[in-house]
Amino acid sequence: MALPTPSDLLWVTGFPIQGRWLTCLLREAVRSEWPHAVDIAVSYLGDDSNARELMELAILQTQESLVDQKQASLQDVRQTLMRCYRNAVRRTYRQKAKLSLWGTSGDLERVSSPIWNHTKQVDARVDLEAILQDTPEDIRHALLMRYGARSSWEEIAKETALTKDGIRMRCKRELSRLAEQFGVNRKKQKNLTGGR
C-alpha cells in the first residue's frame, strides 16, 4: 500500500479549538509510525487493506484522549497513537476470527457427516470375548479368521502352522463345546461348522 501523506489521514475540521495544538504532533506521529502500522496490519490481518481506516480511527481516539491536556510531547502522542492503533487492529482481528453460522440446524445436519453409533460393535466385541474366554488362543484366532474374515481353511492352516484337516477338526470340536455350553441345538451347530 502506498504511503498516504499525514494530511490524507488527518483532518482538522473535527478537532475542537482547544485541541488544535495537537494537529502538528499528530501529523508527525502519523508520519513516523505509518510504516510500523502497516507491518502490524499485515502481521495480524494478513494484508494492509484496512490499515488506513484503522489509522484514522486511532487518530480520532488519540485526539479524544489527549485533547484535554494542555501539552504533550511527540513521544506521548506517538505512544498513544500506536496503542489506539493496535487496539483497533486487535478488534478487527477478533471480529474476523469470530465464528458465524448461517442457516438453521437442519442445514448443518445435511453438511456434516453422520456420527455412527458404535454401541452394537462394542456389545458384539464384549459378547465375543465372553464366549471365547475359555478357548485356546490359536483356536480363537483360527475361528475369527474363518468366521470373521471369511478365510479359507488353507489360509488358516498356513497362519497357524497346522494341517488343513487338523485345524478344521480342532475348530469343529471347539464349536461343539461352545454349542453344548450355550445350549445351541444340533441343526444350528451343523450350519456353523458347514455340516462337516
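The questions and answers below concern helix contacts, charged pairs and a surface patch in a predicted model.

Local features in this predicted model need pLDDT of at least 70 and side-chain atom pairs count only at pLDDT 80 or more, whereas totals for chains, interfaces and linings use all residues. Residues are numbered from 1 along each chain as its sequence is written, and side-chain values use heavy atoms, with hydrogens and water left out.

Q: What is the geometry of the aromatic pair of Tyr44 and Tyr93?
A: Rings of Phe, Tyr and Trp (its six-membered ring) pair if their centres lie within 6.5 Å, with planes under 30 degrees apart counted as stacked, over 60 as edge-to-face and the rest as tilted. The count by this rule comes to one aromatic pair. The ring centres of Tyr44 and Tyr93 are 6.3 Å apart and the planes stand at 80 degrees, so the pair is edge-to-face.

Q: How many residues apart in sequence are the parts that Tyr44 and Tyr93 tie together?
A: Helices are DSSP runs (H or I, at least four residues), numbered from the N terminus. Tyr44 lies in helix 2 (residues 22-45) and Tyr93 in helix 4 (residues 74-97), so the pair ties together parts whose separation in sequence is 49 residues.

Q: Is Tyr93 buried, partly exposed or exposed?
A: Buried means under 20% relative accessible area, exposed over 50%, and partly exposed in between, with a 1.4 Å probe and protein chains only. Tyr44, at 38% relative accessibility, counts as partly exposed. With a relative accessible area of 43%, Tyr93 is partly exposed.

Q: Which helices are included in what covers the buried residues of helix 4?
A: Helix 4 has 24 residues and reaches 34 Å from its first C-alpha to its last, close to the 34 Å expected at 1.5 Å a residue, where the expected span is 1.5 Å times one less than the number of residues. Its buried residues include Leu81, Met82 and Tyr85. With contact meaning heavy atoms within 4.5 Å, the cover of these buried residues includes helix 2 and helix 3 (51-66).

Q: How far apart are the closest N and O atoms of Glu33 and Arg78?
A: A salt bridge is a side-chain nitrogen of Lys or Arg within 4 Å of a carboxyl oxygen of Asp or Glu, and by this rule the count comes to seven salt bridges. Glu33 is buried at a relative accessible area of 10%, whereas Arg78 is partly exposed at 26%. Glu33 and Arg78 form a salt bridge in which the closest N and O atoms are separated by 2.8 Å.

Q: What is the accessible area of the nonpolar surface patch of Ile131, Phe182 and Val184 together?
A: Patches are made of residues with over 30% relative accessible area and no salt bridge, like charges being joined within 9 Å and nonpolar side chains (Val, Leu, Ile, Met, Phe, Trp, Tyr) within 5 Å. Val184, in the loop between helix 9 (164-182) and helix 10 (186-193), is partly exposed with a relative accessible area of 33%. By the Shrake-Rupley method with a 1.4 Å probe, where for residues only the protein chains shown count as cover, the accessible area of Ile131, Phe182 and Val184 together is about 240 Å².

How values were computed: Helix = DSSP H or I, 4+ residues; strand = E, 2+ residues; numbered from the N terminus.
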